[in-house]
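Welcome! Please take a look at the sequence and the 3D structure shown here, and then read the short briefing that follows.

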Amino acid sequence: MTDSKSNWTAAGHDVSDSIELNPETAALAAAINLPSGFALLAEDPDFGPAISMGMAKVEKLLRDALANSDPLIDASSRHLVEAGGKRVRPLLVLLTSLLGEGVNDEVIKAAAVVELTHLATLYHDDVMDSAPMRRGAPTAHEVWGNSVAILAGDLIFARASVFGSELGPEAVMWQSRTFERLCLGQLHESIGPREGDDAIEHHIQVISDKTASLLSTSGAFGARFGGAPDYIEVLREYGEKVGIAFQVADDVIDLASKEADSGKTPGTDLREGVPTLPILLLRQAAADGDTQAQQAVELVDADLTSDKALAAAVEAVTAHPAIHEAWKAARKWADDAIAVLAPLPEGTVKQALISFADAVVTREA
């Protein structure tokens, strides 16, 4: 009779509850580069080291959590973690924990939950979008096929759920509600606005669910597990608003940036038919009789397979005031996010959150 115990690595198996300091963690800490807007935090003599070491512990936990004894499962599930990324969501968890008692093992685990949840959605998004590259590397479905990529995403979400369960029922509920919103946002984007719906309002709701929901939960997690419960709702609302600002800015950057700055061809979203705020504003202007907008929409709706056609469409869109209206919308969401922070105590954490909201709408890539 065979042993019923599986030789495969179970979700979360052999991952220590306490993330110890060791040479590997120290090396990861030394390599941490905080995203734009967090310079003030990096320079703080107390908070700077706490964040860099905390982020290194998160990084180690992510890699340990996705390790698997099966070589294919190990390689596919760790693929995006090892490709890097800005790690904005776990950083927000760590930062907001500093409003209370600071970074502890629960905060580290909560940071891993939000990043693993984010990574799981990227695997699925890339399959749906047939995206060839992600973070400078071939996407998982390009390397191993759609089935492996989808199941790797599911596995990563399972690992996030294991960590969430270890943090307690409240964390499970928050993560579940967030994942529900992520799925609904993707579904509503795929379905599109129904007859009679306002296309712009529909788009904002989609990005609120797809992007902002996880940033909102990140802020709430940091306050909850860092021991600052009075600020949970403030940070939840901040994350929601700054997340919308972040995605709207991305909409504009896709069109207005140079390829050298953004790392991708300007107008990629146009070519893929992804609805973005600048294009929705352009279509609205065209429907209102704006001749320049109508001419630009004709180029946008043409066959954009060739680089020449794509470049012509991008040039027409960026020449129209709709691009500036989209920037103004992003700035408004960022300003609203900053205004929400009024109840927070003055200091480095509040200033870092303000700087991040500013950086979201002033970055070039």
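This is a predicted model: local features need pLDDT of at least 70, side-chain atom pairs count only at pLDDT 80 or more; totals for chains, interfaces and linings use all residues.

Residues are numbered from 1 along each chain as its sequence is written, and side-chain values use heavy atoms, with hydrogens and water left out.

**The surroundings of S77**

- You will find S77 in helix α4; helices (H or I, at least four residues) and strands (E, at least two) are DSSP runs, numbered from the N terminus.
- The side chain of S77 has a polar atom 2.7 Å from the backbone oxygen of I73, and the S77 side chain also reaches the backbone oxygen of L66 at 3.2 Å.
- Leaving aside residues up to four places away in sequence, S77 touches L66, Y123, A152, L155 and I156, where contact means heavy atoms within 4.5 Å.

- Most residues other than glycine have a negative phi.
- R87 is not a glycine, yet its phi is positive, at about 60 degrees.
- Look for R87 in the loop between α4 (71–83) and α5 (88–97).
- With a relative accessible area of 6%, R87 is buried.

- Side chains of opposite charge can pair when their charged atoms come close.
- A salt bridge is a side-chain nitrogen of Lys or Arg within 4 Å of a carboxyl oxygen of Asp or Glu, and a search of the whole structure finds 20 of them.
- Which residue forms a salt bridge with E59 in which the closest N and O atoms are 2.8 Å apart? That partner is R87.
- This pair links distant parts of the chain, since R87 sits in the loop between α4 and α5 and E59 in helix α3, 28 residues apart.
- Both R87 and E59 are buried, and the relative accessible area of E59 is 9%.
- E59 also forms a salt bridge with R63, and there the closest N and O atoms are 3.5 Å apart.
- Both E59 and R63 belong to helix α3 (residues 47–66), where they are 4 residues apart, about one turn of the helix.
- R63 counts as partly exposed, at 25% relative accessibility.
- A network of salt bridges links E59, R63, R87 and E115.

- K328 and E325 join their side chains in a salt bridge (3.6 Å, N to O).
- About one helical turn separates K328 and E325, because they are 3 residues apart in helix α17 (residues 322–340).
- Is K328 buried or exposed? K328 counts as exposed, at 53% relative accessibility, while E325 is partly exposed at 40%.

**The largest nonpolar core**

- A nonpolar core is a set of buried Ala, Val, Leu, Ile, Met, Phe, Trp, Tyr and Cys residues joined through side-chain atoms within 4.5 Å.
- The largest one has 99 residues, and those touching the most other members are L94, L95, F221, Y238, L270, L282 and L353.
- Helix α6 (residues 105–129) supplies the largest share of this core, 13 residues.
- Not counting residues up to four places away in sequence, F221 touches V93, A110, V113, V114, A171, W174 and G226.

Methods. Buried means under 20% relative accessible area, exposed over 50%, partly exposed in between (1.4 Å probe, protein chains only). A polar contact is a pair of N or O atoms within 3.5 Å; within protein, one must be able to donate a hydrogen and the other to accept it, and residues adjacent in sequence count only if both atoms are side-chain atoms.
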